Every structure is written in C-alpha cells, then in structure tokens.
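Colleague: I would like to learn how to read the features of a model such as this one, taking them one at a time. Could you begin with how the elements get their names, and then work through the cases?

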Amino acid sequence: MLSYRHAFHAGNPADVLKHLVWIQILDYYTNKDKPFMVVDTHAGAGMYLVESDMARKTGEWSTGIGKLWSQPDDVLPEAVARYLEVIKAANASPALKHYPGSPWISGYCTRFADPLRFFERHSTDAPLLAQTMKFVQKRTQITVADGLAGLKALMPPQARRAAVLIDPSYEDKTDYGKVIAGLKDALQRFATGTYALWYPQLARRESVELPDRLVKLGVANWLHVTLSTQPPATDGLGMTGSGLFIINPPWTLPQTLEDCLPWLADTLGIDGHGAFTLDWQIQ
Ligand SMILES: C[S@@+](CC[C@H](N)C(=O)[O-])C[C@H]1O[C@@H](n2cnc3c(N)ncnc32)[C@H](O)[C@@H]1O
C-alpha cells in the first residue's frame, strides 16, 4: 500500500530545487534540434492545488514557491526567473493557485517530437496524472507500474538521447538501494543519458551515505547539489533539505547553480538556516 501523496509537499523547498534543476536540464536538451525521451520514474499527479486540504494541512508550499512567487523580477537570478516563468505558465491568474509537478513541467518545456514516459504506481494519482497530461496526450505514455523496472525496459531509447528523473518517496528505506541498482542497470544499457536522482537530507544512514555510493558508481560526469533550509527538529528527525545527484549533467549547470544557490539559500532558509553544497566532476 502506498501512503505517500505528493499533494502534501508540492511546492516546498525540495520541489523548488528539483524543478529548477529539471527545467535547466530540459532547456539544455531542447537547445539541440534533435528529439529526446523524457522519463519520470516516480511521476506523481502532475498538478497540485495550493488550496487543497492536503496542501493546507502542511503549508509546505508557503516555505518554498510561496517565498518566491512575489519576488520582484530584478532580484531574481536567471535560473530562478526561468523556474518562475514555468510555474507561472501553469497559473492563469496572477495569484498562485496551481503548483505543477515534474510531468507537467516536462510536457511544457519540451517539443512535439519529444516522447514523454511516466510511471506512477498510486491508484489515485495515476488517473489524475492522465488528466493533467491531456495537453500533450499524443506523445505521453503513463504506466501504472514500478518506475525503475519501467526505466530498465525503456533503455536505450530509440532517439539515443534521454533525460531521466528519478524521484522516489523513500517511504521504504530499501528505496535507497533500489535507486542505486536501477541507475547501475540503466547506465549499462544507456551510458550517455542524463539521470537526475532526488533524495531527502535526513539523519538516517541510508540518506547520508547515498551521495558517496553514487560517486562510487564511477561515472565520469556528475554533479551533486544540496539545499537545506531548516535545522534538524529537536528529536533529530525530519527533513532538513534535499539533494540531487545528476549523472551526465549539462556542462553549463555548475555555473548556473553557482549563480543562484546563494540567493536561494538566503531566501528560503528559515531563520538564517539556508545552506547549500555544490560539487561536480565534468571531464
Ligand atoms: C516524490 S513523488 C513524485 C513527485 C514528482 N516527481 C514531482 O516532482 O512532481 C513520488 C511518487 O512516486 C510514486 N511511487 C512510489 N513508488 C513507486 C514506484 N515503485 N514506481 C512508480 N511510482 C512510485 C508515489 O505514489 C508518488 O506519487
């Protein structure tokens, strides 16, 4: 039984980091006049209402997108401005009502020839995703099945170009091992794809050790970025921030992130607790 629902968390600081980076990856891929496949192994519902009962219950969006929405244009670093442009495109009104998930962002930022492949196992979110993706229905396939097994079946892509987002909920600590195994397998089948893996910063061994285990995969090109916005809770539990480990990142990404992370950490940090790390190896 899956209990995680992204509607509780949509638009939080972790989504800001993930979606800002994902947009940079998609923009880099669409710069070249050649189709590429988008794979989202853990897609979610694709669109969320900030006024839903679930979003209201946690109020997480107000600590993420809520802090960026009304910032004046002239203070925004370029990548944040681009991120906000996409989120604003999902909202017809000047007020923030909808927060788009990664599938909607992928549909919006790609072209008619770019196939979209989504996996979502939750029986409530999968039909919602189908509804959300109607605007790009012809090039979208939604599969209600395990996303890492689905990724295996899709690699290598016919187009020989692919951007893959792996964004599990880590409800189960075995998810950490599963993403490593899934990435290893995908890299054997298709070594040149861009793979972006999201993970939560938690005081649990599996989360702390994940980045090192990813570096040890031995790929030539990677980037690791984290953004934390709050101190650990007094019981030491809870998420303090999140990270993304990207295999074969755009070569432009380190500079783009260097230009916006200090501002993001400053703006999203709660009571001065914003911090980031950025490491990469690009050969
Ligand atoms: C963090 S959310 C995804 C958020 C989405 N990628 C975004 O950025 O908008 C993770 C999703 O994975 C789904 N899920 C959990 N286990 C899965 C699996 N084995 N295969 C595919 N989806 C799964 C959950 O139901 C949940 O909707």
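This is a predicted model: local features need pLDDT of at least 70, side-chain atom pairs count only at pLDDT 80 or more; totals for chains, interfaces and linings use all residues.

Colleague: Let us turn to helix packing: at what angle do α1 and α5 pack, and how far apart are their axes?

Modeller: The idea is to read an angle between two directions, where anything under 35 degrees counts as roughly parallel and 65 to 115 as roughly perpendicular. Helix α1 (residues 13-30) packs with helix α5 (residues 102-109) at about 25°, their axes being 10 Å apart, which makes α1 roughly parallel to α5. The crossing in which α1 passes α5 is right-handed. On the α1 side H19, W22, I23, L26, D27 and T30 take part, and they meet S102, I105, S106 and C109 in α5; this contact has five nonpolar, four polar and one charged residues.

Colleague: And at what angle do α1 and α4 pack?

Modeller: Here the angle is about 95°, with the axes of α1 and α4 (residues 78-89) 9 Å apart, and the two helices are therefore roughly perpendicular to each other. H19, L20, I23 and Q24 in α1 meet A79, V80, R82, Y83 and V86 in α4, and by class this contact has six nonpolar, two polar and one charged residues.

Colleague: How close do the axes of α7 and α8 come, and at roughly what angle do they cross?

Modeller: The axes of helix α7 (residues 147-154) and helix α8 (residues 174-189) come within 9 Å and cross at roughly 5°, so α7 is roughly parallel to α8. L148, L151 and K152 in α7 meet K178, G182, D185 and A186 in α8, a contact that divides into three nonpolar, one polar and three charged residues.

Colleague: In what order do the eight strands form the sheet?

Modeller: The eight strands form an open sheet in the order β5-β4-β1-β6-β7-β9-β8-β10, with mixed pairing. β5 (140-143) and β10 (275-281) stand at the edges with a single partner strand each, so one side of each is left without a neighbour in the sheet. From one strand to the next the twist averages 10°. Within the sheet, β6 (residues 162-166) and β7 (residues 194-201) run parallel and are joined by four bridges, with V164 standing opposite Y195 in β7. Helix α10 (residues 253-268) lies across β8 (222-228) and β10, and runs at about 170° to β10.

Colleague: Finally, how many residues surround the ligand, and which are the closest?

Modeller: For a ligand, one reads the surrounding shell and then its classes. The ligand is surrounded by 20 residues, of which H42, G44, G101, S102 and H122 are the closest, and the shell has five nonpolar, eight polar and seven charged residues.

Terms used:
Residues are numbered from 1 along each chain as its sequence is written. Axes are lines fitted to C-alpha atoms, for helices over the stretch in contact, and angles run from 0 to 180 degrees between N-to-C directions. Angles under 35 degrees count as roughly parallel, over 145 as roughly antiparallel, 65 to 115 as roughly perpendicular and the rest as oblique. A crossing is left-handed if the near helix is turned anticlockwise from the far one by less than a right angle, and right-handed if clockwise. Two residues are in contact if their C-beta atoms, placed from the backbone, lie within 7 Å. Ala, Val, Leu, Ile, Met, Phe, Trp, Tyr, Cys and Pro count as nonpolar, Asp, Glu, Lys and Arg as charged, and the others, Gly among them, as polar. A residue is near a molecule or strand if its C-beta atom, placed from the backbone, lies within 6 Å of it. Two strands pair if DSSP finds at least two bridges between them.
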